[in-house]
Amino acid sequence: MVLFGANDHHLYALDRATGKKLWSFRAEDYCVQVPPVVHGDRVYCAQWTERVYALDLKTGKPLWRSYVPVSVEA
């Protein structure tokens, strides 16, 4: 499986042998803050608006989302 976020607000999962789309997940904003991370049967993705999503790896169905504030101090 190949996982990647795109500027169309989606995280995509492709079959690595055929390139066929397995599933896609639409986030509220761009889902390309950092590369998606797989742990067990879940995939985690972060978006530019400080949200983090946990998805089922096989289906792309959302399991939970959370807001993670990021602040930069000068």
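Begin by selecting L3, L11, A13, W23, F25, A27, V43, C45, Y53, L55 and L57, the eleven residues of the largest nonpolar core. A nonpolar core is here a set of buried Ala, Val, Leu, Ile, Met, Phe, Trp, Tyr and Cys residues joined through side-chain atoms within 4.5 Å. Buried stands for under 20% relative accessible area, exposed for over 50%, and partly exposed for what lies in between, with a 1.4 Å probe and protein chains only. Now colour strand 2 (10-14), strand 3 (21-26), strand 5 (42-46) and strand 6 (51-56), the elements that give two or more residues each to this core. In soluble globular proteins, nonpolar side chains tend to be buried together.

The model is predicted: local features need pLDDT of at least 70 and side-chain atom pairs count only at pLDDT 80 or more, while totals for chains, interfaces and linings use all residues. Residues are numbered from 1 along each chain as its sequence is written, and side-chain values use heavy atoms, with hydrogens and water left out.

**The whole chain**

The secondary structure consists of seven strands and zero helices, in the order β-β-β-β-β-β-β from the N terminus. Both kinds of element are DSSP runs numbered from the N terminus: helices are H or I with at least four residues, strands E with at least two. Of the 74 residues, 28% count as buried. A surface view shows an accessible area of about 5100 Å², 55% of it belonging to carbon and sulfur atoms; the areas come from the Shrake-Rupley method with a 1.4 Å probe, and for residues only the protein chains shown count as cover.

Strands pair if DSSP finds at least two bridges between them. Four bridges join strand 1 to strand 2, and V2 has L14 as its bridge partner in strand 2. Five bridges join strand 2 to strand 3; at this pairing, H10 stands opposite R26. Follow the chain through the hairpin of strand 2 and strand 3, where six residues lie between the strands and G19 takes a positive phi near 80°.

**Strands 6 and 7**

Move to strand 6 and strand 7 (residues 62-67), which run antiparallel and are joined by five bridges. Select V52 to find its bridge partner S66 in strand 7. The hairpin of these strands has five residues between them, and G60 takes a positive phi near 80°.

Which residues does V43 touch? Leaving out residues up to four places away in sequence, V43 touches L3, L11, W23, P36, V37, V38, Y53, A54, L55 and L57. Contact means heavy atoms within 4.5 Å.

Select L3 in strand 1. Beyond its neighbours within four places in sequence, L3 is in contact with Y12, A13, W23, P36, V38, V43 and L57. The C-alpha atoms of L3 and V37 are separated by 8.8 Å, although these residues are 34 apart along the chain.

Finally, go to H9 in the loop between strand 1 and strand 2. Is H9 buried or exposed? H9 is buried, with a relative accessible area of 17%. With residues up to four places away not counted, H9 touches F25, R26, A27, E28, D29 and Y30.
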